[in-house]
Amino acid sequence: MTVSLQTLLDRSNRNMDKGTHSVVRDKALELIKRAYKEGIYVQISEGYRSHARQQKLYNQGRTTPGKIVTNAKPGQSIHNYGTAVDFFIVSNDGQDAIWKVDKKWRRAAAIGKSLGFEWGGDWKSFKDYPHLQMPNVSSSKPSKPSYGNSKVIIKEIQIYANKYYNAGLRVDGYDGPKTRKALLKAYQTELNKQFDRGLVKDGIWGPKTENASIIVYPGAKGRLTWIIQALLYCKGYDPKGLDGIFGSGCEAAVREFQEAEELTVDGRVGPVTFKHLFK
Ligand SMILES: [Zn+2]
């Protein structure tokens, strides 16, 4: 007999725990429903992960038996903030977990992405195929005080900088010169990658970086926008999301920043605004 949709939802709800962000939980359940319609049976194995559990996982293969399963210490995994889930595929009868990354698996991930998740299978440095994380929930639920305060956002920035740019930052939630320098290196990396600038990635704002700078306009999407949002958060502004989408919230924060810095207030980020953001 084919496993019922309700069974998949019930099991997943149990595995997601209370600490999973409500937006993330809802999207994960929606993913299960949509996949089910296509004959793909998805189940969530985990959502929120406590610091204690993260420590236990980190110890595995180091001080306790087993294979190493994570490099993240407590506070260094997005799961510790309740904004990620892990999924897998179950057999038609619902009895077996299937971990093979095949067409069904990739389709489930694609549905997840269409719902706003980022998929660990897209990561460059290491692939995490079961992993789906929601990058922009911090501002969508302001009622949740545990998420949305700046220390948590800075931690998220540090986690991403480590993951995407091998920044090697300590995930401590403090915006210091090291985090700022890591973001500048990330910016130089993107200028090289996207615009062939050939910059030395030294994390120093010099004339070469300034000359190589581009203008990022509202409506833009991608890593450069993510860097702008991260810089705004570090400066104490609220771009309403760390999602790489230059929307109205981000534009308003840019304008506010430009006004405070006595720059031309145009809501776009060009060389001069970048310079001030990196200061
Ligand atoms: Zn995960």
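Buried means under 20% relative accessible area, exposed over 50%, and partly exposed in between, with a 1.4 Å probe and protein chains only. This is a predicted model, in which local features need pLDDT of at least 70, side-chain atom pairs count only at pLDDT 80 or more, and totals for chains, interfaces and linings use all residues. Residues are numbered from 1 along each chain as its sequence is written, and side-chain values use heavy atoms, leaving out hydrogens and water.

**Stop 1: the zinc ion.** Select His-79, Asp-86 and His-131. Their atoms NE2, OD and ND1 are the protein donors, 2.0 to 2.1 Å from the zinc ion. Donors are N, O and S atoms within 2.8 Å of the metal (3.2 Å for Na, K and Ca); water is not among the atoms, so sites may look incomplete. His-79 is buried, at 3% relative accessibility. His-131 is buried too, at 4%.

**Stop 2: the domains.** Colour 5-47 + 82-133 as domain 1 and 150-278 as domain 2. These bounds come from an automatic or database domain assignment. The C-alpha centres of the two domains lie 31 Å apart.

**Stop 3: the largest nonpolar core.** Such a core is a set of buried Ala, Val, Leu, Ile, Met, Phe, Trp, Tyr and Cys residues joined through side-chain atoms within 4.5 Å. Show Ile-157, Tyr-187, Trp-226, Ile-228 and Leu-232. Of the 42 residues in this core, these touch the most other members. Now centre on Ile-228. Its contacts (heavy atoms within 4.5 Å) include Val-216, Phe-246 and Phe-274, leaving aside residues up to four places away in sequence.

**Stop 4: a second core.** This separate core has 30 residues, among them Ala-35, Ile-44, Ala-109 and Leu-132.
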